[in-house]
Amino acid sequence: MNAIIHQSLYTPNELMNQVVTNYLTVKGKQIRPIMVILSAGLFGNVNQHVLHAGAALEMLHNASLIHDDVVDATTLRRGRSTVNSIWGNHIAVLVGDYFVSNALAAGIRTNNIEIISALSELGKELSLGEIDQICNARDHHFDEQSYLSMIRKKTASLFMNCAKMGAEAAGASFEEYAPLVDYAELLGLCFQIKDDIFDYSDNQEIGKPTGNDLRESKVTMPLLYALNNAPADKAEPMKDLLRRGNLSDEEIATLIEFANNNGGIEYSYSRMAEMQEEAERYLDVYPDSDWKQSFRDLFGYIISRHK
């Protein structure tokens, strides 16, 4: 699958090739294409179309990361300098667009209109999820439901389509793979919640600065819980900080400490445990196999990972 990605992205244009090669030096965890392959394996048929589907999803995911880094002015990802920090925003946007185009081309090679449709719908969902996050920050929505709706579009939709595209490429019907898509939704929600927990941590393994979301007044589950459950005399000053925006490093540190001291991290882990338990019911409909166990292992890894 990685060979397909490299072949798809190769170009005789020297600058583009240099940027792409540098970017692909560190691949990340590749959880999403792994899910595509696991999904196909669960239905008994990991074929070449499955690998192209996985490559398409991974390229689309990376396109969204490259564009996100431009929007957020991020300088580090996976412990390395981002495309925008090395080559500037102009080049980064064009490289992200190049990844999108190649993702669609890889999708076409699956010869499955459902997979091509899923890729196009996914592009819309990812964009809408980011817009929702900006709106939540601007309108100061401090409720969990708005947050879950946003991460469902921004993150879980990608995991859901991993399950769908792998199953489609393997020849499974909608009725067969529908429970797996529900499983993948909960897995994707937990992935984002765990990612958001990292923003309140000083773990050096993460490979990107902490407090990034708070610098943009983006309030995620640990802080949401604290804001809605701490005594009003403690929570209101924190809400006032967020409404004012343009937070200093000291104010960000204050918000992180507030979330940690008022049960935000513990609550986030308890919500992930609930989702994992619910997800098991969707997986139970499938016969036992190494593929099914790998899905279980993946869910456990996502909750326990350190970066």
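Contact, in these legends, means heavy atoms within 4.5 Å. The model is predicted: local features need pLDDT of at least 70, side-chain atom pairs count only at pLDDT 80 or more, and totals for chains, interfaces and linings use all residues. Residues are numbered from 1 along each chain as its sequence is written, and side-chain values use heavy atoms, with hydrogens and water left out.

**View 1. Tyr10 in the loop between α1 and α2.** Tyr10 sits between α1 (2-9) and α2 (14-23). Helices here are DSSP runs of H or I, at least four residues, and strands are runs of E, at least two; both are numbered from the N terminus. Which residues does Tyr10 contact, leaving aside its neighbours within four places in sequence? They are Asn17 and Tyr98. The C-alpha atoms of Tyr10 and Val20 are separated by 8.1 Å, and the two residues are ten apart along the chain. Tyr10 has a relative accessible area of 55%, so it counts as exposed. The classes are buried (under 20% relative accessible area), exposed (over 50%) and partly exposed (in between), with a 1.4 Å probe and protein chains only.

**View 2. The packing of α3 against α8.** Two packed helices are described by the angle between their axes and the distance between the axes. Axes are lines fitted to C-alpha atoms, for helices over the stretch in contact, and angles run from 0 to 180 degrees between N-to-C directions. The axes of α3 (residues 31-42) and α8 (residues 144-170) come within 7 Å and cross at roughly 35°. The crossing of α3 and α8 is right-handed. A crossing is right-handed if the near helix is turned clockwise from the far one by less than a right angle, and left-handed if anticlockwise. From α3, the contact uses Ile31, Arg32, Met35, Val36, Ser39 and Ala40. From α8 come Leu158, Phe159, Cys162, Ala163, Gly166, Ala167 and Ala170. The α3 and α8 contact holds ten nonpolar residues, two polar and one charged. Ala, Val, Leu, Ile, Met, Phe, Trp, Tyr, Cys and Pro count as nonpolar; Asp, Glu, Lys and Arg as charged; the others, Gly among them, as polar.

**View 3. The packing of α4 against α7.** Helix α4 (residues 48-72) meets helix α7 (residues 113-139) at an angle of about 20°. Their axes are 11 Å apart. That angle makes α4 roughly parallel to α7. Roughly parallel is under 35 degrees, roughly antiparallel over 145, roughly perpendicular 65 to 115, and the rest oblique. The α4 and α7 crossing is right-handed. On α4, the contact residues are Ala53, Ala56, Leu57, Leu60, Ser64 and Asp68. On α7, they are Ile115, Leu119, Leu122, Gly123, Leu126 and Glu130. By class, eight residues of the α4 and α7 contact are nonpolar, two polar and two charged.

View 4. Most residues other than glycine have a negative phi. Ala73 is not a glycine, yet its phi is positive, about 55°. Ala73 lies in the loop between α4 and β1 (76-77). Is Ala73 buried or exposed? Its relative accessibility is 57%, so Ala73 counts as exposed. Asn111, also a residue other than glycine, has a positive phi near 60°. The loop between α6 (89-108) and α7 holds Asn111. Asn111 counts as exposed, at 65% relative accessibility.
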